[in-house]
Structures are given as C-alpha cells and as structure tokens.
Amino acid sequence: MEAVKTPRLLLADDSITIQRVIELTFSGEDVQVVAVGDGDEAIARISAEPPDIILADIGMPRRSGYDVAAFVKNDPALAHIPVLLLAGAFEPVDQARADQVKCDGVLVKPFEPQQVVARVRELVNGTRAQTVAPRTDD
C-alpha cells in the first residue's frame, strides 16, 4: 500500500492574522500549511518546492495574487496547481484579470473556515483525479 502524501498548501498573504486563521483552519485537517508574506516569496517557494494548492491574496505588496497565479498558470510544469485568490471584503476583485491569469476561484474574506477547507479539498482531489483521462460518453 502506498502512503498518501499530505497535501501542501502555500498561503501567500501579507496579513499575519490571515496566516494564523488559515493555519488554525487547517490544524485539524491533513494539510500542511506553508505561509509566506508576499508574492515574491511565494514565487520563490513555488519554484523550490511546488505545493499542491496555492491561496494568494490579491492585495499583497510588490507581486499580487494575480501575479502569483499568472506565474503558476503560465508555466507548463506548474499549471496543474490550483490557485485560489483571496480578496478583502472591501477589495474589488478584477474578474477580467482573475480570468486572464486562469485562477481557480476567488475567496472573499472573512470566509467560513469550513468553506475554505471544502474548496481546498475539492481542488486538491480534483487535480489528482484529472490525471486520469476523462471518459467521453457522447
């Protein structure tokens, strides 16, 4: 029996509060959270050890969540990694830009911890399932 690998979630958010909230949200889950404070750090971390899923804040200094998503989705070796953008309650989401960078969704803060867990599980499990060729019943 092969061991199931613990999914690694990379959180890129300049808010220490959000980092703590996400770490607490996943503390009871079988998910390893790695938190970084900005987009540059996220991109360096993604290149060094690609995570299974990324949560990236759209309002980070230097490189935003949009930049992180674009970096991931434009690299064929990384494009399979789901990227969820995080937006503040009063932060407008640029939907056209979110679509352009091919993110896998947007979560608006404050979010329900169980919603985040469910969404992450769905995307992590979904990406694993998609490695099998889809059936076509036309």
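Predicted model: local features only at pLDDT ≥ 70, side-chain atom pairs only at ≥ 80, totals over all residues.
Local features are given at pLDDT of at least 70 and side-chain atom pairs only at pLDDT 80 or more, while totals for chains, interfaces and linings use all residues. Residues are numbered from 1 along each chain as its sequence is written, and side-chain values use heavy atoms, with hydrogens and water left out.

**The sheet.** Select the strands; they form an open sheet of five in the order β2-β1-β3-β4-β5, with parallel pairing. Strands (E, at least two residues) and helices (H or I, at least four) are DSSP runs numbered from the N terminus, and two strands pair if DSSP finds at least two bridges between them. β2 and β5 (106-108) stand at the edges with a single partner strand each, so one side of each has no neighbour in the sheet. From one strand to the next the twist averages 20°; axes are lines fitted to C-alpha atoms, for helices over the stretch in contact, and angles run from 0 to 180 degrees between N-to-C directions.

R8 stands opposite Q32 in β2.

**β3 and β4.** Next select residues 53-57 and 83-87, where four bridges join the parallel strands β3 and β4. Here I54 stands opposite V83 in β4. Helix α1 packs on the sheet, touching β1, β2, β3 and β4, and its direction makes about 175° with that of β2; contact means heavy atoms within 4.5 Å.

**The cavity.** Select R8, L10, V34, R45, E49 and P51, which line the largest cavity. A cavity is a set of points, on a 1 Å grid over the protein atoms alone, where a 1.4 Å probe fits but cannot get out; lining residues have an atom within 4 Å of a point. The volume is about 50 Å³, taken as the space filled by probe spheres set on the points.

**Two loops.** Go to the loop between β3 and α3 (65-73), where R62 is found; R62 has a positive phi of about 60° although it is not a glycine. Finish at P110, in the loop between β5 and α5 (113-129). A cis peptide bond joins K109 and P110, with omega about -5°.

How values were computed:
1 Å grid on protein atoms, 1.4 Å probe; cavity = no way out; pocket = protein on both sides within 12 Å on 5 of 7 lines; lining within 4 Å.
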